[in-house]
Every structure is written in structure tokens, then in C-alpha cells.
Amino acid sequence: MRRTVLTEPPPQRRDRQTLAKLLPYFWQYRWRVALALAFMVGAKLANVGVPLLLKRLVDGLNGAAANPAFVIPLGLLLAYGGLRLCTSLFTELRELIFAKATEGAARQVSLQVFRHLHDLSLRFHLERQTGGMTRDIERGTRAVHALISYSLYSILPTLIEVALVLTLLATQFDAAFALITGVALVLYIGFTITVTEWRTQFRRQLNELDSAAHTQAIDSLLNYETVKYFGQEDFEARRYDRALETLRRAQLKSQTTLSLLNTGQQFIIGVALVLMLWRATEGVVAGRLSLGDLVMINAFMIQLYIPLNFLGVLYREIKQSLTDLDKMFGLLEKPREVADAPEARDLRVQGGAVRFEDVHFAYDPARPVLKGVSFEIPAGKKLAVVGPSGSGKSTLARLLFRFYDVQGGRVLIDGQDIRAVSQHSLRAALGIVPQDSVLFNDTLAYNIGYAKEGAGEAEIEAAARAARLHEFVASTPLGYQTRVGERGLKLSGGEKQRVAIARTLLKDPPILIFDEATSALDSHNERAIQAQLDAVGRNKTVLVIAHRLSTIVDADEILVLEAGRVVERGRHADLLARGGAYARMWQIQANSHKDHGNQMA
Ligand SMILES: Nc1ncnc2c1ncn2[C@@H]1O[C@H](COP(=O)(O)OP(=O)(O)O)[C@@H](O)[C@H]1O
Ligand SMILES: [Mg+2]
């Protein structure tokens with residue numbers, strides 16, 4: 001199975017670094033955090049006070065049996081109630097105050113990851129597996145919450161409580177109590193951490209399998225139509241089921257080892273509790289301790305061990321959260337392949353002359369795609385590129401947009417190397433109608449208006465009319481509010497292409513690229529739109545990648561690209577006269593036009 005870097009087993013965890021990376025997000029909330037911590041300490045103090053009160057109550061009652069004049073200690077009862085109330089009140093307050101910090105930090109992290117993903121190169125996005133990656137981000141964001149709530153809300157309070165109780169036991173009673181509690185705690189924590197560490201591998205495996213199954217399901221559903229064309233539903237189901245089966249086995253292993261952990265923990269706690277009670281009972285019998293002391297010790301132990309019960313889960317969740325966070329931060333650390341040069345200036349367009357100088361480029365070093373391509377489109381002129389499929393025509397457009405950097409030579413706009421200017425300003429100067437347009441899963445109006453923030457209805461409609469899209473829109477019941485489906489799949493190829501044309505017209509940049517922009521249209525619409533494109537392209541620099549030669553006879557220059565090299569160049573009439581590759585292509589298309597009669601003319 002193909003794997004991206006994302007699903008590879010992560011290297012040895014660098015937990016502290018991950019935490020250090022998270023902290024800055026909380027810095028702006030430091031006062032909130034401090035206040036929340038104060039409330040937490042308050043809650044714990046109140047909590048430890050409860051058994052102390054209980055002791056006094058019980059000791060008081062002990063005397064009461066022999067004393068008929070005993071009055072019910074109303075003050076103690078009220079204080080008991082008050083303390084209990086304080087415990088939960090302080091806890092709620094802490095939660096309330098802290099929520100804003102956690103939510104805020106989680107939001108910032110998510111936003112930063114999202115922005116960074118858009119900054120990463122096209123290469124990264126072509127190689128990523130969307131299903132697995134979204135899972136990673138989801139888990140990473142959740143980890144921010146989990147980490148904070150588990151460490152700050154659970155581990156820290158428990159530690160404070162342990163310290164308080166141990167101090168009380170050691171000072172109020174004989175050291176044996178503190179000793180038993182202390183030893184039990186050390187054993188308990190040691191056992192929990194060791195077993196949890198050992199279990200981590202199963203958990204990690206589980207997560208990876210979970211992401212893999214998710215990726216597979218998403219990919220299969222994205223290819224819904226292909227699956228149907230080949231009747232492979234059962235194959236897909238079997239493949240998914242295999243993924244689920246390995247997942248289930250990993251889950252089982254994870255569950256079994258969890259049971260082992262829980263049993264061991266209970267054993268340690270049980271032994272400690274029995275020892276403590278034994279010591280306490282002995283003390284009462286020998287008269288060293290009061291009944292109240294016994295009740296208090298018991299109450300302490302129960303209070304202490306209840307949160308400890310969750311220690312294994314907490315430890316694991318914290319480790320897990322750190323892993324998840326690290327994975328998400330790993331995304332953030334992925335270097336940008338195409339980055340703005342430091343102090344990159346904005347592109348200054350004066351007419352928009354485009355120049356490729358001996359451009360060499362390969363997606364994969366082993367297979368060069370462009371082998372020294374040079375051409376110039378003077379400002380306001382139209383250059384056409386023709387050639388067989390795979391010869392590198394669309395690659396020219398991708399390089400002009402700087403989705404990739406050239407490996408040799410230069411690409412210039414108005415004399416400025418596009419690597420020296422900001423990507424934002426570069427792309428603002430370019431407009432493209434791509435070979436296959438993908439649309440947002442939203443309305444037609446949204447997809448057209450996307451080209452220009454704040455475009456009004458009238459503007460959108462004008463663009464749609466120019467792209468010959470308006471009639472189609474008007475024929476749909478919802479008009480411009482028609483939703484186009486995921487990736488625009490509810491539209492035909494021609495309709496999608498016209499949406500792409502409309503939004504490029506709306507953007508109205510000085511440099512236009514049409515990458516087989518009308519290939520999905522019938523010849524009637526093609527001619528109408530071609531006239532429109534010609535009108536729009538007047539006075540603009542235009543790069544046309546053509547598949548029908550009849551659309552480019554008026555180009556100022558035509559390049560014939562074959563296997564990454566320009567094999568012929570010139571104007572239409574000159575190229576025909578030369579009788580080379582272009583003339584042969586023209587001949588072939590002219591013949592097929594005849595075969596199809598009027599339709600292709
Ligand atoms: N992202 C990519 N990674 C690797 N190879 C690619 C990528 N995109 C295109 N290619 C290859 O580069 C060559 C040129 O592609 P392209 O410029 O799209 O051709 P066309 O002339 O048909 O528009 C093709 O052989 C194609 O397989
Ligand atoms: Mg192409």
C-alpha cells in the first residue's frame with residue numbers, strides 16, 4: 001500500500017518539544033490560566049478539608065453516646081456542606097475561566113495548520129491522502145483540548161491532593177500510613193507508566209490502521225462512478241473489510257492489554273487499602289487512634305484513589321495527545337517547496353510581457369518534462385502552444401503560476417523573475433481557464449463570484465453571459481443559487497468549463513491562459529465563446545494551449561511542443577507553408593472535420 005509521510009510511524013516522541021510548541025498558544029491567556037489554577041488549588045483544599053471535618057463529627061458523636069445533653073453540631077454539618085459545595089463550585093469556575101483559553105488556543109492551532117496547508121506545494125497536495133490527513137488534523141485539534149484538560153485538570157490536582165494527604169498523614173499519625181500510601185503510589189505510578197508505555201505501540205498501530213481504513217473508504221467513495229463502471233462494489237467492500245479486520249484485531253489487542261493494566265492497578269490499590277485499614281483498626285483497638293481517625297483515613301484513601309484510577313487512562317491520553325499534536329505540528333513543519341523570497345516585492349505589471357528563457361523542468365528528476373523551452377509573449381500579444389498530449393503544455397501554465405520552480409532557466413513577467421516577486425501578486429496578475437476545472441461544493445453564484453471578493457449579482461451575471469453560461473443558469477429552477485455538487489460533479493464538462501471561463505472573465509487579469517479552455521464544448525458554443533475570449537483577450541497577453549488548431553490561426557506566434565522541446569515556431573501561414581509537424585496536424589484535423597461534416601468546422 002502506498003503511504004504518505006503522514007502515516008509512517010512517527011520517530012521517537014519528542015514530547016517536551018511538542019509541549020513547548022503548544023505553550024506559546026496559551027501565553028496570551030496566562031492570567032486566565034493563573035486564575036484557573038488558583039481555583040483548582042482552592043477546590044483541592046476544600047476537598048481535603050472534608051475528611052477532616054468528618055473526623056471531628058465522628059469523634060463528637062462517639063462522646064455523644066454517653067452524653068444525653070449532646071447537641072447536634074450544626075456548625076460542623078453546615079461547614080461540611082459548605083466545603084462540598086466549594087469543591088464543585090471552584091471546579092466549575094475553573095472550567096469556565098479556562099474554557100476560553102483552551103478553545104482559543106485550539107482555534108489558533110487549527111487556523112495555522114489550515115493556512116500552512118494552503119502554503120504547501122501542489123506536489124504535496126497531489127501526494128497527500130485527504131482522508132488520512134483530515135483525520136490527523138482532527139485528532140491534533142482534539143489533542144489540544146485533551147492535553148490541557150488531562151494535565152491541568154486531572155494530573156496536577158491529583159498531585160496536589162497527594163501532597164496534602166501525605167503531609168497530613170505523616171504529621172497527624174504515625175509515619176507508617178504515609179509510608180504505605182507513598183510506596184503504593186510509587187508502585188502504582190511505576191506500573192501504570194511501564195505498562196502504558198508498552199501498550200503505546202498497539203495504540204499507535206491502531207491509529208494508523210484507523211487512518212488507513214478511513215483513507216481507503218474516502219478514496220473509494222470519491223471514485224463512486226469508476227467503481228460502478230467496473231462493477232467493483234464487492235471488491236471495494238472486501239478491500240474495506242480487510243482494513244476493518246486488521247483494525248479490529250488491533251483493537252482487540254489494545255483492549256486486552258488495557259484489561260491487564262486495570263487489573264494490576266486495582267491489585268496495588270486493593271493491597272494498600274487493606275494495609276491502611278489494618279493499621280488503622282489496630283490503632284483504634286490499641287487506643288492510639290479514635291474512631292474519627294479511622295473514618296478520616298478511609299475517606300482520604302477513597303478520595304485519593306478514585307482519581308488515581310484514571311491515571312493509566314490519563315497517562316495514555318496525554319501520551320496519545322502529544323503524539324497526535326506532534327503529528328499535526330509535523331504538518332506545520334513541512335517545508336514550503338515554493339516559498340516567497342525574503343523581501344519579495346510585489347510584481348509590477350506594465351503590460352504583462354511573459355518570457356520563458358531556456359526553461360528546464362522535471363516533476364521527477366528521473367524524467368525531464370521541459371528540455372530548454374524559450375519563448376516570449378510581448379505585452380498584448382497572443383501565443384499559442386500546440387502539441388501532442390503529454391508534451392508539457394499544461395506544465396508551462398503551472399510554471400507560470402509558480403506551482404513549481406524551474407530547475408534551469410528563468411520565467412519572467414515584464415522583466416521580473418517570478419521567483420523574486422511575491423506569489424500573491426504574481427497570481428493576481430494571471431488568469432487561467434484550466435483543462436479540468438474543479439468547483440467548490442457551493443452555488444453557481446459562489447463559484448463564479450469566487451474570482452472577485454464582493455462581486456455583485458450584476459457583475460456575476462455579466463460574466464456568465466459572456467461565458468455563454470447565463471442561458472443554462474436561467475434554465476435551472478434555482479438559477480444562480482443552484483448547487484454544483486462536490487467538485488462540481490453535478491455539472492457537465494462543458495458547463496463546468498463555462499463556469500471557469502466566467503470566473504476568469506470576472507477576475508479580468510492582464511495575463512490570460514487558456515488551457516484547452518473550450519475542449520469540452522460543442523462546436524456551436526465553442527465558436528461563440530471563442531469570439532468572446534478573443535474579445536476579452538484583446539490588449540491582454542494571452543497564452544493559448546489549443547487542441548483545435550482552427551481556434552488559433554490568428555495567433556501572433558504558434559509553438560509546436562513535442563516531448564518538452566519546441567520543434568517548430570511561427571505564424572499559422574508560415575507553418576503551413578513549411579509542411580512540417582504543424583502542417584501535418586492541420587491536415588489531420590481538417591480531414592476529421594470533413595468526416596464530421598459541418599459539426600467540427
Ligand atoms: N504532478 C506531476 N507529477 C509527475 N508527472 C507529471 C505531473 N503532472 C504532469 N506530469 C507529467 O508531465 C508530462 C507533461 O504533462 P502536461 O504538461 O500536463 O502535458 P500536456 O501537454 O498534455 O498538457 C506528462 O507526461 C505528465 O504525465
Ligand atoms: Mg494539458
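**Ligand shell, domains and a helix pair**

Ligand 1 is surrounded by Leu126, Tyr363, Asp364, Val369, Ser389, Gly390, Ser391, Gly392, Lys393, Ser394 and Thr395. The model is a predicted one. By residue class, the shell around ligand 1 consists of six polar, three nonpolar and two charged residues. Two elements, β1 (354-364) and α11 (393-400), each supply at least two residues of this shell. The most comes from α11, which gives three residues to the shell around ligand 1.

The protein chain is split into domain 1 (5-333), domain 2 (354-429 + 509-600) and domain 3 (439-496). Between domain 2 and domain 3, the C-alpha centres are 27 Å apart. Seven residues from domain 2 and five residues from domain 3 make up the contact. On the side of domain 2 that touches domain 3, four residues are nonpolar, two are polar and one is charged.

The last stop is a pair of helices. Helix α3 (residues 74-119) packs with helix α10 (residues 311-333) at an angle of about 40°, and their axes are 9 Å apart. Angles under 35 degrees would count as roughly parallel and 65 to 115 as roughly perpendicular; α3 and α10 are therefore oblique to each other. The crossing in which α3 passes α10 is left-handed. Where the helices meet, α3 contributes Gln112, Val113 and His116, and α10 contributes Met328, Leu331 and Leu332. This contact of α3 with α10 holds four nonpolar and two polar residues, with no charged ones.

Notes: Residues numbered from 1 in each chain as written. Chains lettered and ligands numbered in written order. Predicted model: local features only at pLDDT ≥ 70, side-chain atom pairs only at ≥ 80, totals over all residues. Axes fitted to C-alpha atoms, helices over the stretch in contact; angles between N-to-C directions. Helix = DSSP H or I, 4+ residues; strand = E, 2+ residues; numbered from the N terminus. Parallel < 35°, antiparallel > 145°, perpendicular 65-115°, else oblique. Left-handed = near helix turned anticlockwise from the far one by under 90°. Contact = placed C-beta atoms within 7 Å. Nonpolar A, V, L, I, M, F, W, Y, C, P; charged D, E, K, R; others polar. Near = placed C-beta within 6 Å. Domains from an automatic or database assignment.
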